[in-house]
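Work through these exercises with the structure open beside you. Try each task before you read its solution.

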Amino acid sequence: MNIQNVNVNHLVHAYKVAPWRVQRQWIGSALLAVVVLAMIATLYLDVTSHAAIAGREIQDLTASISANQQVSADLQTQLASLTSARVMEERARKIGFRPMTSAEAEYLVVPGYMALEPDILSSAPVPQLSALTIPPEYTESLLDWADKQIANSARGAP
Amino acid sequence: MRQQYANRVQVLSAAMGLIVLAIIVQMTRIQNSPEAAVFRQQASNYAYELRTFYPDRGEIYDRNGHLLAGNQSVYEIGVDLTTVKDPHAIASAVGVELGRDYAQVIAAIQSPPEGASYVVLQDFVDVEPATRLQELKEILQKNAEEGALGSLTGLEFKSHPQRSYPEDSLASNIIGFVSREGRGYFGVEEKYDTLLAGSPVQTFVPTDPNKAFEIPRVLNGTTLVLTINRDLQAAAEQILDESLETYGADNGVIAVMDPSNGEMLAMAVTPRMDLNQFWNYASIYNKASDFNPVISKPYEPGSVLKILTMAAALDSGTVTPGTTYLDTGAILVGGATIQNWNQEPWGVQDMTGCLQHSLNVCMATLSTQMGAGTFYGYMDSFGFGHLTGVDMAGEAAGRLKLPGDADWYPVDLGTNSFGQGVSVTPIQIMMAASSIANGGQTVTPHTLYAMVRDGRQYNVPAQFAGSPISEQTADTLSGMLAVSLESEGSLALLPGYRVAGKTGTAQIPVDGFYDSTQTNASFIGWGPVDDPQFMIYIWLERPSASIWGSETAAPVFAEMAEKTVVLLDIPPDAIRQGLAAK
């Protein structure tokens with residue numbers, strides 16, 4: 001009689017004596033699998049819902065940027081109207097200024113003074129909303145990630 | 001007992017298994033049912049929407065950052081026919097706020113084109129009336145019974161940008177305008193229309209928030225920075241308007257350029273139009289060339305062209321400043337007699353005297369001595385008969401008749417030398433004269449200082465169009481012109497600043513004959529002579545106070561030059577030279 005036959009006989013005997021123990025083990029294993037699956041599902045749901053919320057926020061912010069740019073353009077144009085050459089001259093005359101003549105100009109030497117040159121007049125660059133700037137961690141699925149890892153391993157990449 | 005528990009567990013497991021199996025079967029059945037296909041199709045219909053992104057048109061600034069052309073929100077007001085509740089209420093509200101006819105609005109809502117679900121009642125509505133209508137709609141919605149719709153339900157507001165010009169008519173001839181279809185007309189708006197407008201992008205945009213990163217990025221149109229100085233432009237327009245009144249001229253031009261690099265600093269013309277009311281164009285201008293005569297209205301300039309004849313004669317070695325000749329008051333060229341402006345002889349004159357007294361006979365003598373080949377070769381290299389390449393739409397090339405042309409006669413060699421029988425635009429004369437002010441190098445006039453795109457500024461370098469004369473010739477002639485102004489005590493002189501220049505009085509051809517009572521009075525000048533920083537061109541059409549350029553255009557030059565030195569911070573010669581010496 002070898003050791004393998006002894007173990008089998010022992011299990012058969014144990015089942016005959018208390019079959020519910022083995023059933024409990026099976027049920028326990030099944031429940032463990034269900035719990036693990038539920039955890040993965042919950043995690044996946046959590047990640048995808050966060051991604052969806054972030055996506056919606058991006059959509060809202062994009063719309064908001066457009067609206068704000070339009071408001072900014074409106075205000076800029078209004079400001080330009082309020083400071084137009086004609087309006088400024090009228091205001092200057094109203095408070096007592098008059099155009100000077102060349103004979104009235106006095107020129108002073110200011111050491112180190114550099115005449116102002118026209119500078120960049122635009123606002124800050126528009127934020128990039130293309131896929132290029134979004135890291136793949138935020139766009140790829142779990143399966144995509146796994147595929148990439150496998151492919152990297154096959155190529156020997158770190 | 002244990003066996004009993006085991007049986008219960010088995011039954012329970014089987015029941016649970018059956019439930020799970022039923023759920024899986026039901027899920028599979030639902031997923032593959034015909035209704036599921038319909039729902040999937042409906043979902044895919046809403047997964048993407050076709051949208052066209054119109055970039056905002058680029059702005060236009062002057063060289064100091066003053067906005068000359070921007071964008072302002074306006075509204076398209078329409079009715080969503082699928083949700084409209086009370087067409088009469090909408091017609092009444094729109095009639096009151098927008099001044100629309102009640103019957104027309106009702107007809108538009110109740111009899112829309114077949115298949116239409118939305119009708120536009122009015123576009124390009126200003127913010128104020130549109131806001132009032134929106135507020136009215138909200139109030140009516142609030143006052144409606146609970147669960148009911150307000151009577152303006154269905155009235156829709158869509159905002160979009162419209163071109164706006166904060167300076168109204170200032171520099172209208174330079175800027176041009178944009179039609180409601182978004183197309184640029186005249187000036188910079190037309191020349192750089194493609195750059196300013198940007199490229200509309202039509203694409204399917206995902207509604208799925210997980211694909212938000214697929215929203216395309218649409219670059220706005222390129223912003224332009226012009227070389228124009230707004231304050232100098234305003235001063236030029238003011239001086240021009242006053243001059244037309246003072247001298248009784250029909251129309252006029254004042255153009256200011258930096259002769260060292262071709263940057264146009266100001267370009268005043270009459271008439272001008274309020275660019276915010278571009279639809280008045282047809283009632284203001286008779287023809288397109290009237291919009292910006294500086295670049296698009298060729299005319300016979302008269303004696304201002306003598307400086308170029310003299311430049312050619314000096315540069316070709318035909319004469320020197322000290323060369324003298326006996327002016328008899330007339331010369332025969334090509335079978336026709338050419339006389340001085342006063343039909344009098346001026347005796348022995350040197351070349352400075354020729355310019356100072358503006359002697360036609362002297363100029364005809366020089367051109368005939370040079371010969372047609374040399375004379376027209378220089379005129380061609382000065383750019384006459386060619387476009388200058390100024391970056392504004394609608395430039396005209398003028399006309400320089402050449403030997404061999406069907407309408408060229410030998411007498412033209414004489415008359416062309418003092419600006420008759422040749423048609424040029426003011427910008428062409430400025431470009432040609434820049435070679436004299438700029439040490440022999442001709443600059444290409446331009447209005448674009450820089451482009452701003454995607455947060456970066458690209459400056460436009462100066463362009464040179466050749467060297468028709470030597471530096472020595474240019475400096476010599478500048479000195480001669482300055483002396484000639486000083487010797488005659490010209491009204492163009494500006495105290496404290498040495499300027500060079502020349503008047504022009506050209507009779508206007510009427511029905512094939514020159515009318516001595518109708519003239520174009522002109523003046524071209526630059527300064528300071530030793531370091532030219534501005535070049536000014538004056539053209540007054542048909543001045544009635546005096547027909548002479550020396551009595552009309554010359555004082556306008558002095559007035560404009562004074563304004564220029566003040567606004568550009570150019571100190572008087574003595575101070576500037578003193579500073580340079582230190």
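**Exercise 1. The build of chain B**

How many helices and how many strands are there in chain B? Then decide whether chain B is spread out or a compact globule.

*Solution.* Keep in mind that this is a predicted model.

Step 1. Count the elements. Chain B holds 20 helices and 22 strands.

Step 2. Compare the radius of gyration with the globule rule. For 582 residues the rule gives 25 Å, and chain B has 36 Å, well over that value, so chain B is more spread out than a compact globule.

Step 3. Look at the spans. Along its principal axes, the C-alpha trace of chain B covers about 145 × 60 × 55 Å.

Step 4. Check burial. Of the 582 residues in chain B, 45% count as buried.

Step 5. Check the contacts. Take those in chain B between residues at least 6 apart in sequence: 72% of them join residues at least 24 apart.

**Exercise 2. Two helices that pack**

At what angle do helix α12 (residues 306-315) of chain B and helix α14 (residues 360-370) of chain B pack? Describe their contact.

*Solution.* 

Step 1. Read the geometry. The angle is about 40°, and the axes of α12(B) and α14(B) are 10 Å apart.

Step 2. Classify the angle. Roughly parallel would need an angle under 35 degrees. The angle of about 40° therefore makes α12(B) oblique to α14(B).

Step 3. α12(B) and α14(B) make a left-handed crossing.

Step 4. List the partners. From α12(B) come Lys306(B), Thr309(B), Ala312(B) and Ala313(B); they meet Met363(B), Leu366(B), Ser367(B) and Met370(B) of α14(B).

Step 5. Sort them. The contact of α12(B) with α14(B) has 5 nonpolar, 2 polar and 1 charged residues.

Step 6. Explain the spacing. An α-helix has 3.6 residues a turn, so residues three or four places apart point the same way.

**Exercise 3. Where the chains touch**

How many residues does each chain bring to the contact between chain B and chain A? Which element of chain B gives the most?

*Solution.* 

Step 1. Count each side. Chain B brings 46 residues and chain A brings 38 residues.

Step 2. Find the elements. Those of chain B giving two or more residues include α1 (2-31), β3 (67-80) and α9 (230-247).

Step 3. β3(B) gives the most, with 5 residues.

Step 4. Sort the side of chain B that touches chain A. Its residues are 22 nonpolar, 14 polar and 10 charged.

**Exercise 4. A helix in chain A**

Does helix α3 (residues 85-94) of chain A lie largely buried or in the open?

*Solution.* 

Step 1. Count. Of the 10 residues of α3(A), the number buried is 1, so α3(A) lies largely in the open.

Step 2. Look just past the helix. There Gly96(A) takes a positive phi of about 100°.

Methods:
Residues numbered from 1 in each chain as written. Chains lettered and ligands numbered in written order. Predicted model: local features only at pLDDT ≥ 70, side-chain atom pairs only at ≥ 80, totals over all residues. Axes fitted to C-alpha atoms, helices over the stretch in contact; angles between N-to-C directions. Helix = DSSP H or I, 4+ residues; strand = E, 2+ residues; numbered from the N terminus. Parallel < 35°, antiparallel > 145°, perpendicular 65-115°, else oblique. Left-handed = near helix turned anticlockwise from the far one by under 90°. Contact = placed C-beta atoms within 7 Å. Nonpolar A, V, L, I, M, F, W, Y, C, P; charged D, E, K, R; others polar. Rg over C-alpha atoms; globule rule 2.2 N^0.38 Å. Buried ≥ 20, exposed ≤ 12 C-beta atoms within 10 Å, placed from the backbone.
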